[in-house]
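Dear colleague,

Please find the structure below, handed over for your reference. My notes on it follow directly after.

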Amino acid sequence: MSKFSFELAATDGKARTGLISTPRGDIRTPAFMPVGTAATVKAMLPESVAATGADILLGNTYHLMLRPTAERIDRLGGLHKFMNWQKPILTDSGGFQVMSLAGLRKMSEEGVKFSSHIDGSKHMLTPERSMEIQKLLGSDIVMCFDECPALPASEEEVAASMRMSMRWAQRSRDAFGDRPGHALFGIQQGGVTQELRAESAEKLREIGFEGYAVGGLAVGEGQEAMFGVLDYAPDMLPEDKPRYLMGVGKPDDIVGAVARGIDMMDCVLPSRSGRTGQLFTRKGVVNIKNARHADDPRPLDEACSCPACRNYSRAYLHHVFRAQEMISGMLLTWHNLQYYQDLMQGMRDAIAAGTFAEFQKTFHEERANGDI
Ligand SMILES: Nc1nc2c(CCNCC3CCCC3)c3[nH]c(NCCc4ccccc4)nc3cc2c(=O)[nH]1
Ligand SMILES: [Zn+2]
């Protein structure tokens, strides 16, 4: 059983490119991780997700503990076997999803009591239970059980919440146990307050993790405030370990985060917006629902290698979207995930070549020119 390790290959300014090695395969960084909430990346076969270039995908403790339950997935051989994805899987710890999805929630030092948004059944998540669920799922990268404070929140509330998350991080570490080849990532909290971010980073370093996430962002603070935090927060985390920015984001958020030293990101945006007809291209977002595409014989993006761009016209994509045909979600999701993976590959190449500044310049210029 080989172990979990991270090698930096090159840096360009604060941007880094490297490789996370795990027993289930390597993850090229900077990496974008598609979200597979209910043991599926919606509208995609696993082999299609792999074909886009994704090295790792996300599973979700909250959804899977409710349905079909972690115990059932364990009995059936674990999440990799269950969903036919043999590469690495990272699972979030569930706390964030409880706060955004569950009904009737009761927070305490122990954890969170909540009722299922599916059938109203009662559940409890604690650091210990979250570690147990993620172990039953068999995920390769496990996230600490944390609390992400909802905005607006006073500095005192953010401080108290961060300190509870740090106590939960210790309990997560203690409950995780010794699992060679698997990783436990700590999650930095502290809102947009530098001193609180520093206190959180110090506590996480003391406990010691195989990777570190920047949490508590992309919760409505806006890109400027998020970048403001990213101008200092990643540097507070150990330089030789992966840095994971949770829940991000739009393509320009991603480029800006990589420029500030982030190695991994996840977001539902490419898949969710694919299903609503929002298509990401180098020149900006195309809304395929718009009538102007009805007679357009051109591909969406002639530079894209995905099936939607290789084999179909904009007119066809417009038609199947309007007709709400199932192939629409499949093609549009595939395109958006391919766009995100091509964006990551472009950044990995640029950082390795020392041309990341030019990459950023071209990225923004192409989008500004419109005419998509
Ligand atoms: N543990 C934890 N998770 C966070 C998450 C969930 C990351 N995706 C998990 C996947 C696992 C399964 C589901 C997702 C976040 N997501 C966001 N923003 C998403 C913003 C967004 C929402 C909808 C559309 C686009 C962007 N901020 C986050 C902060 C935290 C955090 O502090 N702690
Ligand atoms: Zn495409």
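Two strands are said to pair if DSSP finds at least two bridges between them; helices (H or I, at least four residues) and strands (E, at least two) are DSSP runs numbered from the N terminus. This is a predicted model, in which local features need pLDDT of at least 70 and side-chain atom pairs count only at pLDDT 80 or more, while totals for chains, interfaces and linings use all residues. Residues are numbered from 1 along each chain as its sequence is written, chains are lettered from A and ligands numbered from 1 in the order in which they are written, and side-chain values use heavy atoms, with hydrogens and water left out.

Strands S8 (residues 112–115) and S9 (residues 122–125) are antiparallel and share four bridges; Val 112 has Leu 125 in S9 as its bridge partner. Six residues separate S8 from S9 in this hairpin, and Gly 120 in the turn has a positive phi of about 75°.

An open, antiparallel sheet is formed by three strands in the order S1-S2-S3. Strands S1 (5–12) and S3 (25–29) are at its edges with a single partner strand each, so one side of each has no neighbour in the sheet. S1 is joined to S2 (residues 15–22) by seven bridges, and Asp 12 has Ala 15 in S2 as its bridge partner.

The zinc ion (ligand 2) has as protein donors (N, O and S atoms within 2.8 Å of the metal, or 3.2 Å for Na, K and Ca) Cys 304 (SG), Cys 306 (SG), Cys 309 (SG) and His 335 (ND1), at 2.1 to 2.3 Å. Cys 304 and His 335 are 31 residues apart, and both are buried (under 20% relative accessible area, with exposed over 50% and partly exposed in between, using a 1.4 Å probe and protein chains only).
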